Amino acid sequence: MIPSILPTYSRAPLSFETGAGSWLTATDGRRFLDLGAGIAVNALGHAHPALVEALTEQAGKIWHLSNLYDIPQQQRLADLLVEHTFADTCFFTNSGTEACELAVKMARRYHYAKGPDRPRILTFDGCFHGRSSAAIAASGAPKMVEGFGPLLPGFTRLPWGDHEALRAAAAEPDVGAILVEPVQGEGGIRPLPDACLKGLRDLCDEHGLLLILDEVQCGMGRTGRLFAHEWAGIAPDIMMIAKGIGGGFPLGAVVATEEAAAPMTAGTHGSTYGGNPLACAVGARVMEIVSDPAFLDEVNRKAGLLRQRLEGLVAAHPQVFEEVRGAGLMLGLKCRVPNAEVVKAGYDAEILTVAAADNVLRLLPPLTITDDEIAEATARLDRAAAALAGSAA
Ligand SMILES: Cc1ncc(COP(=O)(O)O)c(C=O)c1O
């Protein structure tokens, strides 16, 4: 019999009751160190006092307002995003997938308005942009698209790192945009080198293409800058944000330059819940905290510490781990044993991690993780790896 929850996830037999900072307490009382953070959502950990305050204060006033009216909390968050990024304007969504939908629409509308029509969008192997019909078409991964056709047309997926194929595709007359994650998350924590991101910007400028960055997973301080592309010293035309910006409350956004966004006039897009006052009250508080340079300095310092410890872990367990990869607090351990087994051994050691493609174990701790928790996390991962190495011997 089909379960009452549609079984599209294979879930671990774990259930949690409360969360505080980097810790989750299970219903059986066990305390887990959370290095998954809801897959990069709980950027400030669980139950951060400032977010609890922002949410409860707003909950006592107004929960929901239609976008038919001005929403001051939305305005505040939009102003913060415009102040701290390349963008001139933003539209709020409830998820990363919805941000992808709008980013695609915006890019197509831009060329439609400017002429000639250039609807095709270039994407890359291993990319992940969500689960809507547009987002799965953008990714093209067989396991995501099988049985869901006909797919939204107009995407060409290129091999990762094939500069010649990219150059040729970008010159095609119907190509209007490039969509890319500065650090692939689901694809296995694969950072795009700064030089490549710069190269993509140059290619877009050369051919009049829009550069769309998906910073749903790698943005909001995750790599040690507010947004990952800042490391490369470039700016996109359109950027997708979600996950960390709501700190656990469903919230996403598309931010864009005035030029790219100008054709999105009244009636061209909408959302009942996007920009909801509860979400934006929390989002504004997250932005205030994460955009503080002192906060980002700490992320970088702790990222260095975690990376160093993980390098030690790889050296200590060469039969389990191959290498550390990633940027900031978006780190991956490439595994020599199946990554799902390492995730499972982590459960026994009371540490939560997330599997990614390319047999990578993802570590996406809250950005507020402490030095002691980093030491504890390494000790628990060491225990998990030792158990696996023991069972393999
Ligand atoms: C890079 C990236 N883009 C888009 C999405 C889709 O976001 P959501 O699950 O909020 O729809 C995700 C989710 O994992 C993601 O990692």
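Reader: Nice. How many residues of domain 1 are in contact with domain 2?
Author: 19 residues of domain 1 are in contact with 18 residues of domain 2, where contact puts two C-beta atoms, placed from the backbone, within 7 Å. Keep in mind that this is a predicted model, where local features need pLDDT of at least 70, side-chain atom pairs count only at pLDDT 80 or more, and totals for chains, interfaces and linings use all residues. Residues are numbered from 1 along each chain as its sequence is written.

Reader: Which elements supply the domain 1 side?
Author: Helix 11 (293-316), strand 13 (321-327), strand 14 (330-335) and strand 17 (360-363) each give at least two residues to the side that touches domain 2. The largest share, 5 residues, is from helix 11. Helices (H or I, at least four residues) and strands (E, at least two) are DSSP runs, numbered from the N terminus.

Reader: And where are the domain bounds?
Author: Domain 1 covers 16-34 + 293-392, and domain 2 covers 50-290. Those bounds come from an automatic or database domain assignment. The C-alpha centres of the two domains lie 28 Å apart.

Reader: Switching to the ligand: which residues come nearest?
Author: Ser95, Gly96, Thr97, Gly130 and Val216, out of 15 residues around the ligand. Being near means that the C-beta atom, placed from the backbone, lies within 6 Å of the molecule. Helix 4 (residues 96-114) provides the largest share of this shell, 3 residues.

Reader: How many of the shell residues are polar, and how many nonpolar or charged?
Author: The shell has 7 polar, 5 nonpolar and 3 charged residues. Here Ala, Val, Leu, Ile, Met, Phe, Trp, Tyr, Cys and Pro count as nonpolar, Asp, Glu, Lys and Arg as charged, and the others, Gly among them, as polar.

Reader: What does UniProt say about Lys243?
Author: The unreviewed UniProt entry annotates Lys243 as "modified residue: N6-(pyridoxal phosphate)lysine". Such annotations may be inferred rather than shown by experiment; positions follow the numbering used here and feature names are shortened.

Reader: Is Lys243 buried or exposed?
Author: Lys243 counts as buried because it has 28 C-beta neighbours inside 10 Å. The cut-offs are 20 or more other C-beta atoms within 10 Å for buried, 12 or fewer for exposed, and partly exposed in between, with C-beta atoms placed from the backbone. Lys243 sits in the loop between strand 11 and strand 12 (252-256). Leaving out residues up to four places away in sequence, Lys243 touches Ala40, Val41, Gly96, Val216, Gln217 and Met220.

Reader: Which residues does the "binding site" annotation cover?
Author: In the unreviewed UniProt entry, Arg131 and Ser271. Arg131 is in the loop between strand 5 (120-124) and helix 5 (133-139), and is partly exposed, with 16 other C-beta atoms within 10 Å. Ser271 lies in the loop between helix 9 (258-261) and helix 10 (277-290). Leaving aside neighbours within four places in sequence, Ser271 is in contact with Thr93 and Glu98.

Reader: Last topic: why is strand 10 largely enclosed by the rest of the structure?
Author: Because 5 of the 5 residues of strand 10 (residues 210-214) are buried. Leu210, Ile212 and Asp214 point one way, and Leu211 and Leu213 the other.

Reader: And how many bridges join strand 7 to strand 10?
Author: 4 bridges, with strand 7 (residues 175-180) running parallel to strand 10; strands pair when DSSP finds at least two bridges between them. Strand 10 also pairs with strand 11 (residues 238-241) in the parallel sense, over 3 bridges.
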